[in-house]
Amino acid sequence: MIANHPRLKELKFTLRRIFGNPLAIIGFSLLLFFIAVAVFAPYIAPPKYEHNPYLMPHKGYSQTPRPPSKQNIFGTTAGQYDIFYGAVWGTRTAFKIGIFVVCIAACIGVILGVISGYYGGIVDELLMRIVDIVFAIPLLVLTMAIVVAFGRGLDKVMIALAMVGWRSYVRVMRSSILTLRELDFVQAARAMGVSNIKIMLRHILPNGIYPVLVMAFMDIGSMVVVAAFMSFVGLGAPKGYADWGQMVALARNYIVGPPDDPLKYWYAIVIPGGCIVLFVLAWNLIGDALRDAFDPKIRRG
Amino acid sequence: MLGVVLFGVSILIFGILMTFSPERRAAAYVSSPQQVKDIPAIVEQFGLDDPFYLQYFRWIKEVFSGNLGWSVVAARPVWDAFWHYFPITLELNLFTSPFIIIFGIWLGTQAGIHRNTFIDHSTRIFAITGWSLPTFLFGLIMLMIFYGYFGIFPPGIISDDLGMFIRENPDRFRQYTHMYTIDGLLNGRLDITLDALKRLFMPVLTQVVVIVALLMRVMRSSMIEEISKEYILTARAKGADKRTIYFKHARKNALIPVVTVAGWLVAFLMEGSIAVEYIFTRQGIGWWLASSAISLDIPVLMGVCLFFGLVYVIANLIIDILYAYIDPRIRLT
Amino acid sequence: MSKLVELVDIVTNFYTYEGTVKALNRVSLTIEHGSSFGLVGESGCGKSVTARSIMRVVQEPGRIEGGSVLVYLDETDETKMIDLMKQSEDYMVDLRGNKISMIFQEPNAALNPIMSVGEQVAESFLFHRKQELCKKVLSELNSPDCKTIYPLRKLLQSIYMAADENPDSFGLKLMSKIPVLKWWRRRMKQEALKQSAEIISKLGIPNPAEVVKLYPHNLSGGMKQRIVIAIALACNPVLLIADEATSNLDVTIQAQILELLRELKQKEISSILLITHDLGVVAETCDRVGVMYAGNLCEVADVKDLFSHPRHPYTRALLDSVPKLSQEGELKSIEGNVPNLVTPPPGCRFHPRCPYRKGICSVELPELRNVGKNHQAACHVLPE
């Protein structure tokens with residue numbers, strides 16, 4: 001019976017492990033919410049500038065943020081940009097950044113890791129030295145250096161992140177491969193005469209990809225955070241672009257309000273900031289649940 | 001081995017720099033509008049047109065003789081500015097590190113021992129939230145609440161009055177370490193120490209929360225793995241009480257994989273200090289780097305990158321030594 | 001011979017994700033003073049769980065749900081018995097490694113990799129023989145050729161005298177926990193290390209003074225197993241439980257270790273509970289043997305009697321399946337499969353595979369009944 005096919009059973013078991021975890025359910029719900037917002041953005045917050053929906057609309061140029069009102073549901077930030085619009089379209093930006101960067105970085109990392117693990121020897125040594133060098137400088141610092149060299153802008157930030165972010169994937173994939181290579185079932189396949197490439201593709205890669213998957217999920221959040229910080233200091237998205245980090249940057253001078261009402265402009269920071277936190281939280285929760293689900297030691301507990 | 005890495009780092013940094021055209025790089029040597037006309041002359045003068053390796057060796061030679069260029073942001077040579085900013089960052093990290101280590105290991109051990117209980121679940125939620133909070137955002141919110149609303153824990157390094165006093169009275173207040181907390185004690189000025197501590201509190205808290213979240217999880221999973229091992233059963237069968245089992249046997253072994261992660265933690269510490277220093281306006285290396293990036297102050301970028309590379313290499317060296325100390329299996333090899 | 005340990009109707013369950021595994025289904029057996037009891041059965045039949053239930057070290061997610069473990073420490077007086085199931089965990093911590101010890105299957109994993117071997121053996125002494133150690137240290141301190149300076153010596157003497165009287169006093173415990181104040185224990189530790197060297201040499205390990213400083217990864221499998229035995233025997237237990245202790249060793253090393261155990265049984269320990277799936281080992285080493293199947297004890301008898309006159313259908317099938325030199329033709333095996341212990345068969349757990357089953361076998365769990373001299377079996381089909 002198809003329901004008793006071992007692979008399907010394993011899949012069902014894994015799914016149950018993932019969703020049996022209440023935190024995972026919260027994560028998935030959050031993610032679905034964000035996906036919905038991103039997909040339906042043109043309907044939820046109709047763009048003012050047809051040629052570039054990422055430009056936030058602003059009525060006027062006054063620097064003081066205005067609190068939530070009937071025209072601006074979340075209020076406006078410095079320069080009268082509508083926070084609600086920014087929050088909605090910023091979701092799209094966040095997805096763009098996270099998925100683009102992680103996909104490219106993961107692909108590069110996995111390919112290099114596979115080459116390193118498969119060939120071993122000099123190739124492995126060389127690649128590992130290069131990875132060591134790229135690792136030596138913190139992600140943020142390298143990204144800043146590259147952005148300074150290439151120029152500001154969200155696209156440059158994304159390229160810079162992708163150029164640096166692959167380093168962890170190489171290590172993770174390589175260690176996965178090295179562990180799997182020695183396991184009995186791989187030795188058995190070798191003894192049966194299966195070619196190296198087939199072993200790599202059919203046995204090692206499908207089994208070794210899990211830690212990479214877990215890392216990728218959690219990395220999406222990290223990348224969005226780094227990009228947000230870059231926008232915050234002014235190296236990323238330009239002013240008025242619908243990016244959460246950019247929106248926090250706009251409110252820089254309004255962190256503390258007048259002495260009698262210091263939290264007056266809370267919405268300018270908390271709302272875009274909250275979006276970032278919830279977005280990252282969603283990916284982290286899912287990544288964490290995946291890690292617990294895939295960990296063989298905790299699996300059958 | 002480490003020398004190779006450093007060498008590679010320097011090449012990497014220099015390589016990034018070289019992506020600028022010679023004219024743009026010349027702009028880094030320019031300090032007044034009139035000199036803009038002279039850019040071709042500057043290119044000529046500094047040999048900015050020469051092949052890569054020539055320029056690289058020239059630069060390395062300068063680096064080794066202490067000349068890292070001029071920082072626009074600091075209005076003084078990079079080397080001097082570095083020693084001006086370094087104590088601030090050192091002070092911050094000196095205060096964060098012990099808390100991170102103590103809380104991370106303690107909470108992680110407890111979560112691992114009391115697995116799937118309330119302690120475990122609550123620390124897990126704390127860990128995930130802490131990890132999801134971007135450092136800069138957390139810092140901003142803390143600033144809003146504690147400085148804006150409650151009026152305690154102001155940003156900056158020292159209050160304006162005290163700062164002026166220190167600057168104008170070098171004979172009455174000797175800056176031995178250039179760290180206000182320690183110098184305050186050494187000079188018998190507790191009020192300076194307290195003021196500096198007050199302003200340190202938020203930055204330290206911000207860093208600690210985010211990094212403890214990571215360390216705790218690693219410690220926890222390491223403990224869980226150790227506790228299920230066979231030698232723990234032997235210890236139990238020997239008549240060891242729970243305390244001896246967990247802390248004498250399991251935890252020591254569990255620390256080994258944690259030391260591996262220590263490299264990551266150092267990196268996060270450094271990254272975090274950039275955000276924290278920028279948000280709380282503490283002029284340390286991180287702040288300097290961020291400001292230089294915004295102002296395209298290239299020599300600073302290169303110098304600070306080198307510095308970070310150096311820190312990483314030294315940290316890994318220390319970690320390797322620690323490894324050999326904890327794990328006797330590694331010692332003979 | 002008088003009883004040493006008596007298990008009565010032990011029930012142990014494992015609460016897992018896939019269901020409740022009813023690992024032990026009212027297991028009862030008796031081990032006597034000075035005897036060597038072998039517990040055999042297939043993998044998964046519950047032998048290890050039985051052993052762990054005696055010492056109450058059943059691993060998560062298992063729990064002992066019922067029954068008693070009666071220990072008769074006084075050979076002469078059978079009324080002085082203690083039910084281990086009713087004792088506190090503190091009592092058990094005191095008992096483990098002291099009165100009852102256990103050694104395990106995998107010597108490579110059984111030792112803490114970052115502690116020296118000598119330290120690990122010394123731990124047994126430090127846990128259970130504190131007063132002896134204190135007395136030894138005191139006699140050293142009091143002896144005329146003690147080289148310690150006077151004030152330090154006085155201080156140490158007073159500490160150790162207090163420790164001798166009440167090793168578990170609060171003050172001493174406090175001092176042991178605070179890192180800097182722990183130094184006073186150093187002499188005790190040195191004394192314990194000396195004694196571990198002694199016991200290691202008793203187990204046939206050469207150069208004990210050197211070995212004591214080595215780490216587990218420096219030793220071979222056989223030596224590691226000897227160290228594990230040394231840890232178990234350090235405090236002269238009355239019962240040593242060997243849980244598949246020789247299964248992972250080379251055959252030659254296995255023979256050495258078994259020989260060692262035999263020697264020790266004559267000189268040092270009173271009784272051994274040997275758990276194994278190897279019938280040959282049991283035949284060589286044990287006085288009495290019990291056969292387990294799927295969480296039940298099927299048959300228990302003296303060794304010679306069981307091998308020559310097996311009564312329980314499972315035992316008979318088991319012995320039949322062992323290939324003999326004189327045998328010709330196909331190997332005999334037992335039909336069917338070991339049952340799933342989450343949903344075990346009702347009544348006698350062997351009945352689905354038993355060629356002699358009757359109606360009652362699928363309804364009622366058979367009790368152990370006498371079927372010969374010192375020979376019990378749990379089966380409905382057998383006559384008295």
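The questions and answers below concern chain A and the backbone of chain C.

Modeller: This is a predicted model, in which local features need pLDDT of at least 70 and side-chain atom pairs count only at pLDDT 80 or more, while totals for chains, interfaces and linings use all residues. Residues are numbered from 1 along each chain as its sequence is written, and chains are lettered from A and ligands numbered from 1 in the order in which they are written.

Colleague: How many helices and strands has chain A?

Modeller: Helices (H or I, at least four residues) and strands (E, at least two) are DSSP runs, numbered from the N terminus. On that basis, chain A has twelve helices and two strands.

Colleague: What percentage of the residues in chain A is buried?

Modeller: A residue is buried if 20 or more other C-beta atoms, placed from the backbone, lie within 10 Å of its own, exposed if 12 or fewer, and partly exposed in between. Chain A has 301 residues, and the buried share is 45%.

Colleague: Is Arg56(C) exposed or partly exposed?

Modeller: Arg56(C) lies in the loop between H1 and S4 of chain C, and its phi is positive, near 60°. Most residues other than glycine have a negative phi. Because 18 other C-beta atoms lie within 10 Å, Arg56(C) is partly exposed.
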